[in-house]
Amino acid sequence: MSELKIVRRIKYQQELDLSFGKDVAATPGGEDLYKCIQCGTCSSTCPVSVYMDQTPRRIIAMTRAGFKDDVLASNTIWLCSSCYACTVECPKSLRITDIMYALKQKAIAEKVYPRNLPIPVLAKEFFSAVMKTGRSNEGRIVARVWLKTNPLKILSHAGLGLKLLRRGRMSIKTERMTGGHDQMRRLLDAVETARAAQPTR
Amino acid sequence: MIMEKKSPQEELRIGVYVCHCGANIASKVDVESTRDFAAKLPHVTVARDYKFACSDPGQELIQKDIKELGLNRVVVASCSPQLHEKTFRNACADVGLSPFYVQMANIREHVSWVTEDPELATRKAKSLVAAAVRRLAFAAPLETKRVPVHPDVLIVGGGIAGIHASLILANAGRKVFLVEREPTIGGHMAQFDKTFPTMDCAACILTPKMSDVKNHPNIMMWTYSEVEEVAGFTGNFKVTVRRKARYIKEELCVGCNDCVEACVLKKDRVQVPDEFNVGLSRRKAVYMPFPQSTPACVVIDPEQCLQLMKGKCAQTCVEACERAAIDFDQSDEIVEIDVGAIIIATGYKPFEARRIAEYGYGKFANVYTTLEIERLVNASGPTGGELRLRDGTTPKVAGVIHCVGSRDRRYNPYCSNVCCMGALKMAHLIKERTGAEVFNFYVDMRTAFKGYEEFYDQILSEGVQFVRGRVAEVTDWAMTDEEKGKLVIRVEDTLVGVARRIPVDMVVLAIGLEPQADAGEIQRKFNISCSNEGFFLERHPKLGPVSTFTDGIFLAGACQGPKDIPETVAQAGAAAAEALCLVDKGFVEIEPNTAWIDEEVCSGCKTCIPLCPFKAISRDEEKRIAVINEALCKGCGTCVAACPSGAAQQNLFTDEQIYEEIEGVLSYA
Amino acid sequence: MSKPKAGFYWCASCGGCEESVVDLAEAILDVVDAIDFVFFPVAMDFKREDVEAMEDGEMTVCFINGALRTSEHREMAELLRRKSQFLIAYGSCSYQGGIPGLANLYSRSQILDFVYGGSPSTANPEGNRPQPHFHAPEGDLELPTFDSEVKALDQVVDVDFYLPGCAPPPSLLKAAVEALLSGELPPKGSVLAPDKALCEDCPRIDSKPNEPLISEFKRPWEIEIDHEKCLLAQGLLCLGPATRSGCDHVCINGNMPCTGCMGPVSRVQDHGSAILSALASLIDSDDPQKIDDVLEGIPDPAGTFYRYGLPHSTLFAKCGITQGNGET
Amino acid sequence: MKYLYYPGCSLKGTSRGYEESILAIFEKLQLPLQELEGWNCCGATAYMAVDEIKALALAARNLALAEQVAGNEPVSLVAPCNSCYLVLSKAQRHMEEFEDIGDVIVKAMREAGLRYEGHVHVRHPLDVLVNDVGLDALRRAASQPLNGLKVACYYGCQVVRPYATFDDQHNPQTMHELLKAVGAEPVDWSLGTRCCGGSLTGTIEKAGLRLCYILLREAKVRGADAVATCCPLCQFNLECYQGQIASMFGDEVDIPVTYFSQLLGKAMGIDERTLGLKRLFVPLTTAAV
Amino acid sequence: MPDDVSLPIAEDFQPRIIAFFCNWCTYTASDLAGTSRMTYAPNTRVIRVMCSGRIDPQFVLAALRKGADGVLLGGCHPGDCHYQAGNYKCLRRFRLLKRLLTQLGIEEERVRLEWIAASEGDRVQKVTNEMVEQIRKLGPLRLEKIPTHPNGEAAPAPAEPMATATEGAVS
């Protein structure tokens, strides 16, 4: 017999942050956030909602209402696989996938994501790989991700790696850009400066 | 120079009245400073601000000033002239000032309601007032013309709206032309089985009214007919109607259906879906739309009849008809009628469910629309009232999906108003006829009128399962064995907060209401406006719900927006009353904004003649100049803008008045 | 008792206006009998000093033709205004700016650059420009300065009457002189010509269809022009419907469309846009593309509609108000 | 119309077979694809999570390069990878739609000596093959039709979502038409655009593999001999994890997962090696063929 | 003259736009914008005419002359004219007027024709804001500045006006 646990569920307004919704609405794709009628089409069309602790619809509602901490702590935003099903099905044309991106960015910015969750790491790995070579090498990246999050996995997937190698679908040598690499770096740096110059949203 | 030439002899004494409209104007526009600004303008004798200029005390204030201060011009800075110009004109006329010495400045719709910054709003208001004051200098004391009104009324559309309006007018002793494009009147209501919330049978309450229409001495019921052209103006419309060939002598046919029996086309071989049963059954080339069709008269479909298509057929129908009512030589007939008022009651078009691929209508056999179910449960329907799936089995589980094609930016952004109640009715009927488990999937439940919430209560207590959530998909791939061979409804149960998959045998789509496919054409024919979604636009959402921007043309029923039967009937009554008060008044007053030619100046260059769409301009061969027939002129001013001599002028909109307005607004922009 | 004195002067003009005086033919003798010309640079040898020597208002009337663009034009206009009781703007240029007025489509510098540089016929390696002051061995030279834009007479001095036309028809001149002599004068600022458009008494008006829709504009050289038929109806761009009558239809009789030299009638503010509106309204199509195709037939709207009146047009009128016709 | 080829990272790695077959068929159709010189990673969806504008800037660079190469000529940038296809299109649209994004990227590109006028037309090979080359041409090219090979046409997400540029979002038909034209027989299933889990398979396996399982099982239920894909990640997910899926859900899901281009190539008589068919884990049992 | 009475233009320049709206469609639409509380730039001054066919090109010029920085013409959509075809007459004049104005050195964006139906309050808002922005970018219309042809092509072939000009310079 597990003993009865109780948690305080009530939310006091001071625990919420109404500006959170406004920020999200101000990011590209977030413009229609407040038009949501909570019909749940997103949740039911979402192929991964089965594993989400909050359905996408709830994420929208909570975002609007300022449940910042709960939203950023939720696994939902990380489970979103960017299949855009919700976005095209939404009767009020909310771009839910883009909103999920916005939330991921916020979570990473505020460093509030589950440590063992590989996705943010993947994103970062990806970023650095691209910075280095201008291209990504899935094999490598995935390996590094697992290395950081769950090293055992590497072993469990060694077989697959070999199969890929044998069929020439994974190479030891890194794919590199054929030139223009500096230009790409310059571009990315310039984005920084240009963005800094701009009045922040 | 023009100014010296035309400026008025009498000394101008202008009164300016700045309305607060409660807080509507005053909250944005600084009415006091606008008043003071006006007071300093040339020729302004008095300037006042007032809480509600349109109120009786407000009007009395103006009248008092006219009498005591001898005002001879009045500017009212308030709302749109579309709203209150008449009010203030009448107020002035009552104390003997020409109504056309009144000028309005629209500082509400065009200023306070659309401007954020109070300072800029005030500035804008001032410039509009300045313009109005200057414009008045060139106002003329015009005469409004009275034109007699033709007493008859045309009603377009023979659905419940048209039927109800016709009867009211006919009972009031008016002659009514009821034009319906289908072979019978009755419209969508005739297709329904039951009507919410009372669940009385549609036919039982509709068909008596239909035969009243048929038998009423004052009603010309023209079915299978369409309006071709509309000319003229309020009180005096000239309407051309095409009476399509029915190939049946209407006066002879008694609707015995012998010819239908006789028709050589084998029912199953005929490829025409029966319109009345929305394609759930098939009909022959000669057919009676439905048993209580009014008129009780068959019609021959020229697209199907061998005789009419190929010119050769045994003509078994002709033999079968004892009254020799069949006439293959009939041809369309064009009739012209004169009417004083027109009521448009052209109804709606059901949403085309195929457009939402996710719901699988047309792909999965057992996905139906509400309209199809109405027919299936109807005793005179294709299954004689048996609610069966296409394979003949009875559904054990059914899902009714609300908001199909409504409240959705991709299809129709608006709420179709009737679907919630319709869907509840469906749930009830399905349960009643099959005892099936019924799920209703709704986004928001809208049961807002008399007796509706009670109906919802009843359906709830009948044990219908309500899931709050918009269905994402009706699909046929199974996750569990239970789902195999069923239709699976994917939805989030938003009240629980989890996604669900619900297998059902039958899906019913509560389709929304759309404007008729040819609404745009009708709109042009009758010269009225459409709102964004394509329904006809009422003159004012609150104060002119059945009027249009074209005087003498009124709206009834779903052609103006989604409506259920009670609302439609109520509106039909209102439209009938409006039409009645127009034709009973016997005359209309025409805004004297007609154009005229200054003989001194016209060189007879003929430029204006072809520009008039109403053929009001002709050449006076005596004087060798153009002349405008005031009776025909509608006052658009196109000829005026084109006259290269400035000889053509338009009352209420002379060149001087407009130049003054230009300078006026700019003098304080 | 001495005859009334008259002056006749030209500014930026082609000399056609002087011709029109000669065109009075024998009638000129009556004029000379009746009037004593005291200043007439083309015909007689008077100098500016002679005018300066006169009393103010010594001349009964002075006719000035040509547009004004130089300091000299302005000085002379002011001088003659002082010396005469009635000042008459004579001819289209003086009345509304005339053809020289089209120069206002270009800035002063654009013009000078072209004339003393860009133009094909110019060889000016040193890039010389006309100088107001020039020192020559014979002595110092003074040249008039070149204004920034062309003006009509009434944009420089107060004008009593206008006598339109390029050149003004002798009949109007004769009538004007008679009016002056008899002292039966219309109100100041009047245009001394009928206040109706040309179609009014056009010999071809009856051949103009009652519905003169336009499906194509043609240039005179493109067609064999019918001598009887309304020119507009033949597709020619005739400004008759918008242009003051009184010209005796010399162009029409010469089988050429009216180009608008007499200016608009008094109720029209802007000659160009008035005729524009009339013609465009008559285009026989509702399709934007087709409409444009028809309008292709008017390659130079500004030059066509403002040929004689750019400085007087609503947009280009330099001093807000001018007396005389329409403009307020 | 000029056709430039944007491989994207995967086609140089795990989905070599896709590149090989695409190049081969275009070659054979006399429409040789010229690879975009100096291209870089499209910015990929994973990147969006870290820094959207940078991701879009990366994409924009590729567009700018393409425009440079094309000069004034209208140019199609052919991106076989759904993800690349989407990110490139998204960059283009976002730059138009959101001023501030557009401004930042344009400024940054100027810094880097790049400019983009927005003239590049981002295309998916499916689109090009069906709408430019045309079904008749393909029919003619099919020397060895796939007589009745039952194929589950699987489009994945990002080729029709969120932008339905060349096909219907809910019920795409391009691949169906294409494979029908060369003799295959698409099976009727409703999962053609249901997500395969994308990168989840690599990160949150449980979630990812479930999605793959649903797809593979349904494909088998519908009697497909093979699954045809048009996206590297989809192909990878559906093929490489079949073993794990089987053990995880205790259900055999072995079925060859090819690229549509490989099937097309086969029908056009190109040999298996050239088409990279040898690289498949589950060989295409062409019993039907 | 009104130009003198008018307030000096603030450093944050407020364009002055005259709008001629037809009574049945566009004027009603801007009433609707009002009743729907759609706020938009306060720079337009609507002058009501019964039909866009009443809009005389002279009005447009007068407005510009008297100090407007732009003019907006609004009528019913093609085919929807309350008077059947007035809007087409307006269109015909507008096409030619546009060409004339560019030739006279007035920027395209300053004069605009829009079809706005009675129900399109949002379009009134959108169009007004757009136009105000465009004209704010152009700055105030300075008729003194005219003539200037940034792209000379607008002007007629230089030949004959030049001739007169030189005459003027040396006479």
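Reply: Buried area is the accessible area, taken with a 1.4 Å probe, that two parts lose on being put together, summed over both. The model is predicted, so that local features need pLDDT of at least 70 and side-chain atom pairs count only at pLDDT 80 or more, whereas totals for chains, interfaces and linings use all residues. Residues are numbered from 1 along each chain as its sequence is written, chains are lettered from A in the order in which they are written, and side-chain values use heavy atoms, without hydrogens and water.

Me: What area is buried between chain B and chain E?

Reply: Counting contact as heavy atoms within 4.5 Å, 55 residues of chain B touch 55 residues of chain E. Carbon and sulfur atoms give 58% of the buried area, and that area is about 4,800 Å².

Me: Which residue of chain B forms a salt bridge with Arg48(E)?

Reply: A salt bridge requires a side-chain nitrogen of Lys or Arg within 4 Å of a carboxyl oxygen of Asp or Glu, and the count between chain B and chain E is four. For Arg48(E), the closest N and O atoms are 3.8 Å apart, and the partner is Glu85(B).

Me: How are helix H5 and helix H6 of chain D oriented, roughly parallel or roughly perpendicular?

Reply: With axes fitted to C-alpha atoms over the stretch in contact and angles running from 0 to 180 degrees between N-to-C directions, H5(D) (residues 82-97) and H6(D) (residues 99-111) pack at about 110°, their axes 5 Å apart. Because angles of 65 to 115 degrees count as roughly perpendicular, H5(D) and H6(D) are roughly perpendicular.

How values were computed. Helix = DSSP H or I, 4+ residues; strand = E, 2+ residues; numbered from the N terminus. Parallel < 35°, antiparallel > 145°, perpendicular 65-115°, else oblique.
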